[in-house]
Amino acid sequence: MRRIAILTSGGDCSGLNAVIRAVTKKAVHEYGYEVIGIKDGFEGLVSNRHRILNEDSVSGILTMGGTILGTTNRANPYKYPVETAAKVAYKDLSALVIKNLRKLKVDCLVTIGGDGTLDTSHRLSTRGVAVVGVPKTVDNDVKGTDITFGFDTAVHVATEGIDRLHTTAESHHRIMILEVMGRTAGWIALYAGLAGGGDVILIPEIPYDVGRVVRHIKDRRKRGKNFTIVVIAEGAKPLGGKVTVQRIVKDACAPIRLGGVSFVLGQQLEKLTGIETRNVVLGHLQRGGSPSPFDRILGTQLGSKAVDLIAERHFGFMVGVKEDQLVKVPLSEVARGSRSVPLDHPMIKDARALGTCFGDQE
Ligand code: F6P
């Protein structure tokens, strides 16, 4: 009998439990494998914390947000924070992780995570660990797949946020700015902005000129539109300027946390237009809660495909979606970098044709 281990690592998102459930049920039911759930991502492989998963233990989790296994974005085995008397030292504990996997007699490790997790997975696979990766993130920015689960739920939450801001913006004749997640990619802002009818959509891929945004708002006023909805990605930046950093998380694989650009922009717009402006940072609301039907289905399909790869002994791959087909992509191709919104994306063209301002053209 084969034994597989599964872990969730990095920031959580809706749909993780759908993958855990699909992997466990299919592995047990169809192939008769044993499944071990590793607790809190790679941290659980360093400290040997895990639990047996079976059909009963994953029953009822499909609709739940978060991850029943726990997660962390501070446990990169190649740069693991180890506390000594006075300070934190960073050590390469990858050999310990590999040793612990061998002790557990794991035939294959399924890692569910974003680019950092997939990079670690790739590095482990080059050292002989059988790994299959499953891409997750609200940001939708993992290379090698057209879509990640968690994104659709985040877009739903952000769109509802825009809908709610619309009514209050219109009543008070204000500019309302909604800041959404996405790190250095503008997928959430673009999708939610289009779905919610945002008048201005600002994404990291298109640095914005505040003057152009101001002119767009004033033109709207002239046309009798006394309010404006701005949707801004946390990673958006002004032309020639920098991103707004909210905090540095020292031990994290990617330490920079973006956030607060909507405060900065709000103050500028209020001053330059004379229109009262408010901003809302949607934050982690986008990551929590019950997954959308789309994310439940995608998580289930990716989990199921991951188990098929294990059965076929295709290790060192990530499962993904390309042109609506489930595919396997070498981890070496997805491990580094992220997937940005292409500037010629059809949704940008469509939005421009409807008069949406991206902060770069009149
Ligand atoms: O990568 C997912 C994400 O939610 C980003 O959109 C966001 O910038 C970051 O994680 C927030 O991380 P944390 O949960 O550590 O604040």
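Histidine 173 counts as partly exposed because its relative accessibility is 42%, where buried means under 20% relative accessible area, exposed over 50%, and partly exposed in between (1.4 Å probe, protein chains only). The model is predicted, so local features need pLDDT of at least 70 and side-chain atom pairs count only at pLDDT 80 or more, whereas totals for chains, interfaces and linings use all residues. Residues are numbered from 1 along each chain as its sequence is written, and side-chain values use heavy atoms, with hydrogens and water left out.

Histidine 173 lies in the loop between helix 5 (151-172) and strand 8 (175-180); helices (H or I, at least four residues) and strands (E, at least two) are DSSP runs, numbered from the N terminus. Its phi is positive, at about 55°, although histidine 173 is not a glycine. Most residues other than glycine have a negative phi. Lysine 105 is another non-glycine residue with a positive phi, near 55°. The loop that holds lysine 105 runs between helix 3 (94-103) and strand 6 (108-113). Lysine 105 counts as exposed because its relative accessibility is 62%.

Helix 5 also contains valine 157. With a relative accessibility of 24%, valine 157 counts as partly exposed.

The discussion now turns to strand pairing. Strand 14 (residues 317-322) is mostly covered, with five of its six residues buried. Strand 14 pairs with strand 7 (residues 131-135) in the parallel sense over two bridges; two strands pair if DSSP finds at least two bridges between them. Within this pairing, phenylalanine 317 of strand 14 is the bridge partner of valine 132. Strand 14 also pairs with strand 15 (residues 325-330), here in the antiparallel sense over six bridges. Glycine 320 stands opposite valine 327 of strand 15. Strands 14 and 15 form a hairpin with two residues between them, and glutamate 323 in the turn has a positive phi of about 45°.

The ligand is surrounded by Asn73, Thr137, Val138, Asp139, Met181, Gly182, Arg183, Glu234, Arg257, His284 and Arg287, a residue being near a molecule if one of its heavy atoms lies within 4 Å of it. By class, this shell has two nonpolar, four polar and five charged residues; Ala, Val, Leu, Ile, Met, Phe, Trp, Tyr, Cys and Pro count as nonpolar, Asp, Glu, Lys and Arg as charged, and the others, Gly among them, as polar. In the side chain of aspartate 139, an N or O atom is 2.6 Å from an oxygen atom of the ligand. The side chain of glutamate 234 likewise places an N or O atom 2.6 Å from a ligand oxygen. For arginine 287, a polar side-chain atom lies 2.8 Å from an oxygen atom of the ligand. The protein covers 81% of the 400 Å² of accessible area that the ligand has on its own, as computed by the Shrake-Rupley method with a 1.4 Å probe.

The cysteines complete the account. Cysteine 13 counts as buried because its relative accessibility is 0%, and cysteine 108 is buried with a relative accessible area of 1%. A search of the whole structure finds zero disulfides, a disulfide being a pair of cysteine sulfur atoms within 2.5 Å.

Note on methods. A polar contact is a pair of N or O atoms within 3.5 Å; within protein, one must be able to donate a hydrogen and the other to accept it, and residues adjacent in sequence count only if both atoms are side-chain atoms.
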